[in-house]
Amino acid sequence: MALQTCTPRLVLLFSGKRKSGKDFVTEMLQSRLGSDICAILRLSGPLKEQFAQEHGLDFQKLLDATSYKETYRKDMIRWGEEKRQADPGFFCRKIVEGVSQPVWLVSDTRRVSDIQWFQEAYGAVTQMVRVVASKQSRQQRGWVFTPGVDDAESECGLDDYGDFDWVIENHGEEQQLEEQLENLTAFIHSRL
């Protein structure tokens, strides 16, 4: 029997470069809203799970920010692109299965095809959020440019996508981030 998925009141699609703080921002929002109201959905979750199964790897290690994941990142990107070319909505459909909360935060939107899938499936309740951080801030968080990763579509596919509803600046300035999160939280509450 298929899991029942509720129709969301709001879908926020988060994008940004590696180490910009997408996970940090979505986790902060969920902590303010509560996990009964807000679900964090990760497109990379089912990708990593399927990749691990097909390649005999440790799925849990692929989920954390370790060198284990980085060892396989290029191969995962290539494999994921092949899956998306065959079926652009493959990973999108997987992450929404069984979600019952009214607010969905998709923490790792990376491609125009992801945006298109959510907009077609959920229409006007879908909004785009770009998390930006300076190169220096990202480096302080451990980012190092990696050829084949940081210049791939998975990192650059939305760089020229200019139609973001929200831009969150996450340069390490706590007060500025707090004000932006307060505004976004108030907006989310207005949709409940």
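How much space lies in the largest pocket? About 860 Å³, with volume taken as the space filled by probe spheres set on grid points joined across faces, edges and corners. This is a predicted model, where local features need pLDDT of at least 70 and side-chain atom pairs count only at pLDDT 80 or more, while totals for chains, interfaces and linings use all residues. Residues are numbered from 1 along each chain as its sequence is written, and side-chain values use heavy atoms, with hydrogens and water left out.

**The pocket**

- A pocket here is an open set of points on a 1 Å grid over the protein atoms alone, with protein on both sides within 12 Å along at least five of seven lines; lining residues have an atom within 4 Å of a point.
- Of its 34 lining residues, Arg 18, Asp 23, Lys 69, Arg 73 and Arg 110 are the closest to the centre.
- Helices H1 (22-33), H2, H4 and H8 (153-156) each give two or more residues to the lining, and H4 has the largest share, with six.
- Helices (H or I, at least four residues) and strands (E, at least two) are DSSP runs numbered from the N terminus.
- Sorted by class, the pocket lining has 16 charged, nine polar and nine nonpolar residues (Asp, Glu, Lys and Arg are charged; Ala, Val, Leu, Ile, Met, Phe, Trp, Tyr, Cys and Pro nonpolar; the others, Gly among them, polar).

**The cavity**

- There's one cavity of 30 Å³ or more (a set of points where a 1.4 Å probe fits but cannot get out), and the largest cavity comes to about 50 Å³.
- Its lining includes Ser 15, Arg 110, Arg 130 and Asp 159, and H8 gives the most, with four residues.

**Strands around S3**

- S3 pairs with S1 in the parallel sense over four bridges (pairing needs at least two DSSP bridges), and Leu 10 stands opposite Val 103.
- S2 also runs parallel to S3, joined by four bridges, with Leu 41 partnering Val 106.
- Both S3 faces are covered: Val 103 and Leu 105 on one side, Trp 104 and Val 106 on the other, are all buried (under 20% relative accessible area, 1.4 Å probe, protein chains only; exposed is over 50%, partly exposed in between).
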